[in-house]
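Subject: Handing over a structure

Hello,

I am passing this structure on to you, and I hope you enjoy looking through it. Below the display you will find notes on what turned up.

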Amino acid sequence: MKIAITGATGNMGQAVIKALTSENYIEEIRLLSHSPKRTKKLLNKVKKLKKKTVIIEGSIADGYACRKLVEDVDLVLNMSAVIPPKSDQSPQRAVECNEVGADVLVTVIEHLDRQPTLLHISTVALYGNRSEPHRFGRVGDPLLVSPFDIYSATKLRGEFRVLESGIKRWAVFRQTAMLHPNMLTDNLSDGLMFHTCFDAPLEWVTAHDSGILIRNFLRRVHAADLPQTFWKRCYNIGGGAENRLYGYQTYNDGFAIIGGSTTCFFSPGYNATRNFHGVWYSDSDELNELFDFQQQTSTDYWREILKAHPIFKAGKLVPKKMIRRFAIKRLLKNYNSPAYWAKHKDIARLKAYFGGEEAYESLQKKSWKEAFLPEKYDPASGICDNETPVFYGYDISKQDSEITIGDLESVASAHGGRLISEQFETGDMYAKIEWETQDGERFVATPYTVLRAGHWYNSIYHENVWDFDRLSKKDAVFASVWYDSHDENENMRYSFDKNFTAHAVKFYENSDHLLLGNGEHRESRKAV
């Protein structure tokens, strides 16, 4: 079996390479690398693979490199991604890798006479901000990527390209929040850590278990014992009930290894109150039943971190005020921190992440006694239902073979749009169907993409414009989740300009009021 891999030097990629060291059925591994030096360093750690590994130098956005990578292989594993905080630091790199790169890779595979199988790694970030009463999510939930999160926007477009491709055999795995060896250093180098809401539901999986998942997946592909119904579908990678935590508990667990806690090092006003991405997967057992990979808990992860870095034990001897000052508070000055946005009057981001400047300032006055601290999820309860169901516009319990044109019409209507295609053979989930959005935009997508994978075309699919406040007023599917963390009276359109400067436009009846990232105000064009 010959396989091709992108993103091998990433956190998930390294775990996958390590897990493949004993897989003798793999004859050749081709690695796409924009940094051969870094790739060779990785391979030095897994010497058993070096003889069967070929490094293809180049970018995923380079068609020539992609063709050399995938031609005559059996399977392509696309883990390539520019993720936060790097996507925030270099948004154009995120566009080139996550979006353009996915398009180039898919196009190359489509044009091969002998197409390899494609496994595309997507992300939990597609679901956007989740909170009560919809802490649990599943494949098929509406995809409401968070404003200004260029990572999620580009990954959304990349996934859509895979789903609508001409590749004969593919699968998409949406990776959840991942506990990896570099997590602490990554989070202590940027203001990104303050984006995590304390009440954000996070279902973690370790990098180790992610590697085991891919290894076991490849074993079954090689043995040809996966049913045909497995393919051309999306799945959620999750760690299971034991790994369901809130953001607040996650910080607690991390700080515990140096004898601290969230309340020791943070104030309630440090972190965003919305606009993050995280959800507990109600269907994370599906992949585990197929590939038996959920082995580690978050407790195991922190135990391993402490074993690998015993110096953290010394943190228990250091005064908590000193750690807070030199490790945490210094990051409040970082450009990616809400405190920085407030100081520099970045009104657009304060609106997106807190509901506005006034809400942010009010939060700064709260003590931990006044703050909302969610209780830990009890895995023994076995409960994975939302307080109120997500609205889908059709009966999600129907089998694919039972989906009718009436279901397609109902979903389109629930989104405020309509079905254009007049012909549909019941159960044909991969037919090319034409739809129309509430804005009159027409697009083509399969019933699987719309009904089962949760995609519905809007401005974020072709430009960096997050228009969910306006769309949700007529889109009942979006509204069923969006209004968990947004007021129905909010009327903001969030966007990046060509320089990735953040903007927020508030609609009035006759005009827009533009709030720029630097706080400048001016009148703009009439509202659409």
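**A first stop: S87**

S87 counts as buried because its relative accessibility is 0%. Please keep in mind that this is a predicted model. S87 is found in helix α5, which covers residues 86–89. Leaving out residues up to four places away in sequence, S87 touches V82, A94, I150 and Y151.

**The protein as a whole**

Stepping back, you will find 21 helices and 20 strands in the secondary structure of the protein. The C-alpha trace spans about 65 × 60 × 45 Å along its principal axes. How does the radius of gyration fit with a compact globule? For 528 residues such a globule would have a radius of gyration near 24 Å, and the protein has 23 Å, so the two agree.

Of the 528 residues in the protein, 59% are buried. Among the contacts with a separation of 6 or more, 72% are between residues 24 or more positions apart. The accessible surface comes to about 22800 Å², and carbon and sulfur atoms account for 49% of that surface. As for charge, there are 67 positive and 68 negative side chains, with the centres of the two sets 10 Å apart.

**A mostly covered helix**

Helix α1 runs over residues 11–19, and seven of its nine residues are buried. Which ones are the buried residues of α1? They are N11, M12, G13, A15, V16, I17 and A19. As background when you look at it, an α-helix has 3.6 residues a turn, so residues three or four places apart point the same way.

**Aromatic pairs**

A search of the whole structure finds 43 aromatic pairs. One of them is formed by F148 and Y494, which sit edge-to-face at 5.6 Å centre to centre, with 80° between the planes. F148 lies in the loop between β6 (136–137) and α7 (150–163), and Y494 lies in strand β17 (residues 492–496), so this pair ties together parts that are 346 residues apart in sequence.

F198 lies in the loop between α8 (183–187) and β9 (201–206), while F266 lies in the loop between α11 (262–265) and β12 (280–281), so the pair ties together parts that are 68 residues apart in sequence. Both F198 and F266 are buried. F198 and F266 also belong to a cluster linked by ring pairs, together with F194, Y248, Y251, F255, F265, Y270 and W368.

**A last stop: T501**

Where does T501 lie? T501 is in the loop between β17 and β18 (502–507). Its relative accessibility is 35%, so T501 counts as partly exposed. Setting aside neighbours within four places in sequence, T501 is in contact with S495 and F496. T501 and I420 are 81 residues apart in sequence, and their C-alpha atoms are 37 Å apart in space.

Key
Residues are numbered from 1 along each chain as its sequence is written. This is a predicted model: local features need pLDDT of at least 70, side-chain atom pairs count only at pLDDT 80 or more; totals for chains, interfaces and linings use all residues. Side-chain values use heavy atoms; hydrogens and water are left out. Helices (H or I, at least four residues) and strands (E, at least two) are DSSP runs, numbered from the N terminus. The radius of gyration is taken over C-alpha atoms; the globule rule is 2.2 Å times the number of residues to the power 0.38. Buried means under 20% relative accessible area, exposed over 50%, partly exposed in between (1.4 Å probe, protein chains only). Contact means heavy atoms within 4.5 Å. Accessible areas come from the Shrake-Rupley method with a 1.4 Å probe; for residues, only the protein chains shown count as cover. Lys and Arg count as positive and Asp and Glu as negative; His and the chain ends are not counted. The place of a charge is taken as NZ of Lys, CZ of Arg, CG of Asp or CD of Glu. Rings of Phe, Tyr and Trp (its six-membered ring) pair if their centres lie within 6.5 Å; planes under 30 degrees apart count as stacked, over 60 as edge-to-face and the rest as tilted.
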